[in-house]
Amino acid sequence: MTVPDVSRETPGWTPIAEEAERAARVLHPDRYRMPRPSHRRIMTVANQKGGVGKTTSTVNLAAALSMHGIRVLVIDLDPQGNTSTALGVEHRLGTPSVYEALLGEISLVEAAVPSTASPDLLCVPATIDLAGAEIELVSMVARENRLKQALSPDVLDQLNVDYVFIDCPPSLGLLTVNALVAAQEVLIPIQCEYYALEGLGQLLNNIDLVRSHLNTALHVSTILLTMYDGRTKLADQVTNEVRSHFGPTVLRTVIPRSVKVSEAPGYSQTVLAYDPGSRGAMSYVDAAREIADRGVTMAVPAGR
Ligand code: ATP
Ligand code: MG
């Protein structure tokens, strides 16, 4: 299977040399450190369509950045708790979690724990309590700003992180709105399959609404194509359509469909830990490097 857009193709290199280089970047992360961003980046990973790779991308991008010398905080904002599971973080009922932080009962510093993926990758878990938050938040003061308040610059300084990824549930409810208000950037994973763009208009409308009323800094900075299957023409059609629509916002790296990627969470691992030499792992490292490279020259958002 060919992955169409490798982020770092080097002119004159054979495909095997390219592949060896990519594998080395996963296996020897110390030699291939990624650059720190010009400012702290808070990215919400959103798409109200279910199963498009939000959680998989959050977990593996965060793991790739942290393995290469960058400190990252991941916030699991989905009551399913899949992000917490994949990062090997406890999320049984009673565990200090994002739910208590949204209620203002605890600081995110108390809820953030190092993941098994890397000591530089912190995770704020979601417990099943979060399932009720969507309704409980409705009657609360500043209901859309709860996560933003919890993610204060002071808290992020204490946690000493350069990147924050917020993994959203598959809905456009109050939890996702909280994530959009708390971030400067939106990362949208799009699955390379039929109906991929369905519902995207609604997501973009919501982002526009949040930008005009609640968070002027918000913009869609990154689109990541996921679960690319090179055997199908459809995958290429979707890829081309997304690229022609969104231009350079779309990362050059495409994440291939890979059994290893889907198996890893079953072992409470990222694919980088589960099978570092796999195509899935290498692609997530490539994508993370693109994100990191973009972050170096990015203008500091207004109002921050
Ligand atoms: P939800 O909307 O339920 O939160 P999601 O958008 O977070 O879903 P994931 O949970 O990341 O999506 O992925 C959905 C399923 O697809 C999972 O079983 C995951 O393991 C699998 N998956 C994700 N990416 C890949 C990939 N590149 N190759 C194969 N399987 C994948
Ligand atoms: Mg998910």
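**Salt bridges, ligand shell and loops in a predicted model**

Visitor: Does Arg211 count as buried, partly exposed or exposed?
Guide: The model is predicted, and the class follows from the relative accessible area. Partly exposed covers the range between under 20% (buried) and over 50% (exposed). At 30% relative accessibility, Arg211 is therefore partly exposed.

Visitor: Which residue forms a salt bridge with Arg211?
Guide: Side chains of opposite charge can pair when their charged atoms come close. For Arg211, the closest N and O atoms of the pair are 2.9 Å apart.

Visitor: How are Asp208 and Arg211 separated along helix 10?
Guide: Helix 10 spans residues 200-213, and both residues belong to it. Because they are three residues apart in that helix, the separation is about one helical turn.

Visitor: How many salt bridges does the count come to?
Guide: The cut-off is a side-chain nitrogen of Lys or Arg within 4 Å of a carboxyl oxygen of Asp or Glu. Arg36 with Asp162 meets it at 2.7 Å, and Asp229 with Arg231 at 2.9 Å. By this rule the count is nine.

Visitor: How many residues apart in sequence are the parts that Arg36 and Asp162 tie together?
Guide: The side chains of Arg36 and Asp162 meet in a salt bridge, 2.7 Å from N to O. Arg36 lies in the loop between helix 1 (15-27) and strand 1 (41-45). Asp162 lies in the loop between helix 8 (153-159) and strand 5 (163-167), so the parts tied together are apart in sequence by 126 residues.

Visitor: Which helix supplies the largest share of the shell around ligand 1?
Guide: The shell has 18 residues, of which Lys54, Thr55, Thr56, Pro256 and Ser258 come nearest. Helix 2 (54-67), strand 8 (250-256) and helix 12 (259-263) each supply at least two residues. The largest share is three residues, and the source is helix 2.

Visitor: How many residues of the shell around ligand 1 are polar?
Guide: The shell is sorted by class, with six nonpolar and four charged residues. The count of polar residues is eight.

Visitor: How far from an oxygen atom of ligand 1 is a side-chain N or O atom of Asp78?
Guide: Thr55 approaches an oxygen atom of ligand 1 with a backbone N or O atom, at 2.8 Å. Asp78 has an N or O atom of its side chain at a distance from a ligand oxygen of 3.4 Å.

Visitor: What share of the area of ligand 1 does the protein bury?
Guide: Another contact involves a nitrogen atom of ligand 1, which is 2.9 Å from a polar backbone atom of Pro256. Taken alone, ligand 1 exposes 630 Å², and the share of this that the protein buries is 81%.

Visitor: Which residue has its backbone nitrogen 3.1 Å from a polar side-chain atom of Asn47?
Guide: Asn47 lies in the loop between strand 1 and helix 2. At 3% relative accessibility, Asn47 counts as buried. The backbone nitrogen 3.1 Å from its side chain belongs to Lys49.

Visitor: What is the phi of Ser268 near?
Guide: Ala142, in the loop between helix 6 (130-136) and helix 7 (146-150), has a positive phi near 50°. Ser268 lies in the loop between helix 12 and helix 13 (271-274), and is partly exposed at 31% relative accessibility. Phi of Ser268 is also positive in a residue other than glycine, and is near 55°.

Visitor: About how much accessible area does the nonpolar patch with Leu234 have?
Guide: Leu234 is in helix 11 (residues 233-246) and is partly exposed at 31% relative accessibility. The residues of the patch are Tyr194, Tyr195 and Leu234, and together their accessible area is about 340 Å².

Key: Residues are numbered from 1 along each chain as its sequence is written. Chains are lettered from A and ligands numbered from 1 in the order in which they are written. This is a predicted model: local features need pLDDT of at least 70, side-chain atom pairs count only at pLDDT 80 or more; totals for chains, interfaces and linings use all residues. Side-chain values use heavy atoms; hydrogens and water are left out. Patches are made of residues with over 30% relative accessible area and no salt bridge: like charges are joined within 9 Å, nonpolar side chains (Val, Leu, Ile, Met, Phe, Trp, Tyr) within 5 Å. Accessible areas come from the Shrake-Rupley method with a 1.4 Å probe; for residues, only the protein chains shown count as cover. Helices (H or I, at least four residues) and strands (E, at least two) are DSSP runs, numbered from the N terminus. Buried means under 20% relative accessible area, exposed over 50%, partly exposed in between (1.4 Å probe, protein chains only). A residue is near a molecule or strand if one of its heavy atoms lies within 4 Å of it. A polar contact is a pair of N or O atoms within 3.5 Å; within protein, one must be able to donate a hydrogen and the other to accept it, and residues adjacent in sequence count only if both atoms are side-chain atoms. Ala, Val, Leu, Ile, Met, Phe, Trp, Tyr, Cys and Pro count as nonpolar, Asp, Glu, Lys and Arg as charged, and the others, Gly among them, as polar.
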